[in-house]
Amino acid sequence: MANRRKRYIILIFLIILIALSACTSTKFDLYAGKSLNIAVIGEPPQVREEEVNFIKISFDDLNKVDLEDYDAVFVMRENLNQAAESQYADIYSNSPIPFFFISTTSHIPFTTNDTEYGETWGWSPGNNYAVGVLKSNEDDKLKGWGFGLYNDNKTDEHIEEVYSKIFMTIEELDS
């Protein structure tokens, strides 16, 4: 009887141990490349990387500043409606640096003149959390990226991981 009880206790201990190990947080890779200067339309995001510098710009600046002074441009969620206005589509589609639209599922409302941005383009589980576009030097076509959240969970840690992936993508483009 004591032997059976001992097995039962060991089995419960193993189940608890497995459950606890499954609940530990996932370790995500940080961007550790060269220093990046990223223009941001909206409030700069909170990120873990110290190698990334954010410089706030406005939509008016898109025609005034030399975008090549930056490694990329981020358009934050609070500015997506204005970003989808048709006068900006050519800027995004012909830019020498990538544009990333945060908290949206597609670049379509930003790179075409006849598609409106609305709630259907916003992030929801099962979709990209951020998208990026850049005109290819090789064939003049628009190249796009999509970045999803880990397990479709919108947590600070998973959002920071998306930014790390975006930074890695930006560095690869400079190589």
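**View 1. Lining of the largest pocket, by residue class.** The lining of the largest pocket comprises seven nonpolar, four polar and six charged residues; Ala, Val, Leu, Ile, Met, Phe, Trp, Tyr, Cys and Pro count as nonpolar, Asp, Glu, Lys and Arg as charged, and the others, Gly among them, as polar. The structure is a predicted model, in which local features need pLDDT of at least 70 and side-chain atom pairs count only at pLDDT 80 or more, whereas totals for chains, interfaces and linings use all residues. Residues are numbered from 1 along each chain as its sequence is written, and side-chain values use heavy atoms, with hydrogens and water left out. The pocket has a volume of about 320 Å³, the space filled by probe spheres set on grid points that are joined across faces, edges and corners. On a 1 Å grid over the protein atoms alone, a pocket is an open set of points where a 1.4 Å probe fits, with protein on both sides within 12 Å along at least five of seven lines; lining residues have an atom within 4 Å of a point. Of the 17 lining residues, Pro96, Leu134, Lys135, Asn137 and Leu173 are the closest to the pocket centre. β5 and α5 are the elements that give two or more residues to this lining, and α5 gives the most, with three.

View 2. Six strands form an open sheet in the order β2-β1-β3-β4-β5-β6, with mixed pairing. Helices (H or I, at least four residues) and strands (E, at least two) are DSSP runs, numbered from the N terminus, and two strands pair if DSSP finds at least two bridges between them. The edge strands are β2 (52-57) and β6, each pairing on one side only. Helix α5 (residues 156-174) packs on the sheet and touches β1 (36-41), β2, β3 (72-75), β4, β5 and β6, contact meaning heavy atoms within 4.5 Å.

**View 3. Pairing of β5 with its two neighbours.** Strand β5 (residues 128-135) runs antiparallel to β6 (residues 142-148), joined by seven bridges; valine 133 has glycine 144 as its bridge partner in β6. In the hairpin of these strands, with six residues between them, aspartate 140 takes a positive phi near 60°. Strand β4 (residues 99-102) pairs with β5 in the antiparallel sense over four bridges, and phenylalanine 100 has glycine 132 as its partner in β5.

Key: Axes are lines fitted to C-alpha atoms, for helices over the stretch in contact, and angles run from 0 to 180 degrees between N-to-C directions.
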